[in-house]
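Here is a short report on one protein chain. Keep the sequence and the 3D view open while you read.

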Amino acid sequence: MSVEFLPQASDVRPGHREAQAHAGDQPFTYPLTREYVEPDWRRLAGYRDVSEEQWNSAQWQRAHTVKNLKEFKEALGEHLTDELYTDIERDQQERATMSMLIPPQMINTMIESDLYADPVRRYMAPTYSEREPEWPSHPLASRDSLHEADMWAVEGLTHRYPTKVLAELIPTCPQYCGHCTRMDLVGNDTLQVLKYKFEMKQNDRWDAMLDYLRVTPQVRDVVVSGGDMANVPAKRLQEWLFKLMDIENIRDIRIATKGLMGIPQHFLQDDVLAAYDAIATRARERDKDVAIHTHVNAAQQVTPLWAPPYASSSTWASATCATRACCSAG
Ligand code: SF4
């Protein structure tokens with residue numbers, strides 16, 4: 001799709017423009033005083049009896065991911081006050097564009113002694129009182145703020161810039177962030193937003209994306225996103241990426257996942273490590289650049305578990321690098 005700009009003769013010059021942007025308050029004190037240790041989950045009511053083995057299991061994390069306010073309260077116990085509970089509940093009734101989904105790993109990085117101010121709680125479980133009355137997340141927020149669907153070449157494949165595409169492989173993540181700009185597609189319905197449902201079958205859609213890229217030699221850079229790649233079975237992701245790497249014109253591949261922080265346990269599983277190693281090896285053989293494209297909203301979420309073996313793996317490190325942002329198209 002092309003966006004038309006039709007210049008028209010005019011003798012009107014734009015007038016004065018007031019500079020309006022300003023920096024927010026500095027949230028950090030430097031040097032950081034926070035200890036680089038995994039916070040002890042047993043301090044929280046819901047995780048008092050959880051063993052290290054359970055905590056480090058991706059399956060356990062997914063099974064105990066908080067899906068509603070009642071479960072959020074069970075996890076945080078007395079730290080989630082009645083006032084905060086009611087405020088989040090009202091947001092879900094009247095404003096929320098994303099459903100609740102918070103893995104225990106993320107809850108464990110919240111500062112439970114002051115949940116109202118805690119940045120992780122604020123973006124994962126926003127309250128009614130902290131929303132701007134005029135707009136829910138951004139003054140220009142809309143169902144599909146970045147107009148990604150307007151530029152689909154095939155369903156879920158946004159072709160906006162000449163050499164880059166965004167491939168939305170799936171519409172789910174292991175965690176749902178209150179501010180998500182893909183509110184149109186990602187997550188479960190809320191009272192405010194009924195989500196778009198992909199119409200094509202997943203395998204057909206993935207094949208159609210590859211077919212389009214095979215006949216579009218201008219494209220060299222693919223952001224492989226969704227949704228979050230932590231929700232695609234590693235072997236399936238590997239198979240699709242191998243086919244993508246077979247396409248001569250594709251040179252750069254960015255695998256988008258916030259799950260690297262939200263549920264690092266996923267990436268520590270043997271089969272996932274093996275798949276990512278195979279991806280990195282294939283990339284090196286084919287002379288392709290592959291990166292993990294990730295996003296951490298709050299510094300306190302960077303814990304020892306977040307830095308999985310990918311950072312130290314010689315295979316992976318030599319073929320890839322980690323870059324920013326889980327869901328940007330370019
Ligand atoms: S992980 Fe990214 S795509 Fe998923 S809900 Fe959060 S911001 Fe949206």
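## Overall build

This is a predicted model. The chain has twelve helices and seven strands. Its radius of gyration is 21 Å, close to the 20 Å that the globule rule gives for 330 residues, so the chain is as compact as a globular protein of that length. Along the principal axes, the C-alpha atoms fill a box of roughly 60 × 60 × 45 Å.

Buried residues account for 35% of the 330 residues. Taking contacts between residues at least 6 apart in sequence, 82% join residues at least 24 apart.

## The nonpolar cores

The largest nonpolar core has 38 residues. Those with the most contacts inside this core are A167, V222, V224, M229, I250, I253 and I255. Several elements give two or more residues to the core: strand 3, helix 7, strand 4, helix 8, strand 5 (252–256), helix 9 (259–262), helix 11 and strand 6.

Not counting residues up to four places away in sequence, V224 touches A167, L169, M229, I253, R254, I255 and A256. Of these, A167, M229, I253 and I255 are also listed among the residues with the most contacts inside the largest core.

## Strands 3 and 4

Strand 4 covers residues 221–225. It is mostly covered, with four of its five residues buried. Strand 3 (164–168) runs parallel to strand 4, and five bridges join the two. Across this pairing, E168 stands opposite S225 of strand 4. In a regular strand, side chains alternate between the two faces of the sheet.

Next, look at the loop between strand 4 and helix 8 (234–245), where G227 is found. The peptide bond joining G226 and G227 is cis, with omega about 10 degrees.

## Helix 7: one buried face

Helix 7 spans residues 202–214, 13 residues in total. From its first C-alpha to its last it reaches 19 Å, close to the 18 Å expected at 1.5 Å a residue. Which of its residues are buried? They are W206, M209 and L213. Seen down the axis of helix 7, these residues fall within an arc of 55 degrees, so they line one face of the helix.

What covers the buried residues of helix 7? The cover includes strand 1, strand 2 (157–158), strand 3 and helix 8. The face turned away from the buried side carries the exposed residues N203, D204 and D211.

## Helix 11 and the residue after it

Helix 11 covers residues 270–286. Its 17 residues should span 24 Å at 1.5 Å a residue, and its end C-alpha atoms are 24 Å apart, which agrees. V272, Y276, I279, A280 and A283 are buried in helix 11. Viewed down the axis of helix 11, the buried residues fall within an arc of 95 degrees, so they line one face. D270, D271 and E285 are exposed residues on the face turned away from the buried side.

D287 follows helix 11. This residue lies in the loop between helix 11 and strand 6 (289–293). D287 has a positive phi of about 60 degrees, although it is not a glycine. Is D287 buried or exposed? It counts as exposed, with 8 C-beta neighbours inside 10 Å.

H147 is found in the loop between helix 6 (119–124) and strand 1 (152–154). With 14 other C-beta atoms within 10 Å, H147 is partly exposed.

K67 lies in the loop between helix 2 (58–63) and helix 3 (69–76). K67 is partly exposed, with 14 other C-beta atoms within 10 Å. Leaving aside neighbours within four places in sequence, K67 is in contact with M100 and L101. K67 and Y123 are 56 residues apart in sequence, and their C-alpha atoms are 15 Å apart in space.

Key:
Residues are numbered from 1 along each chain as its sequence is written. This is a predicted model: local features need pLDDT of at least 70, side-chain atom pairs count only at pLDDT 80 or more; totals for chains, interfaces and linings use all residues. A residue is buried if 20 or more other C-beta atoms lie within 10 Å of its own, exposed if 12 or fewer, and partly exposed in between; C-beta atoms are placed from the backbone. The expected span of a helix is 1.5 Å times one less than its number of residues. The arc is that of the directions from the helix axis to the C-beta atoms. Two residues are in contact if their C-beta atoms, placed from the backbone, lie within 7 Å. The radius of gyration is taken over C-alpha atoms; the globule rule is 2.2 Å times the number of residues to the power 0.38. A nonpolar core is a set of buried Ala, Val, Leu, Ile, Met, Phe, Trp, Tyr and Cys residues joined through C-beta atoms within 7 Å. Two strands pair if DSSP finds at least two bridges between them.
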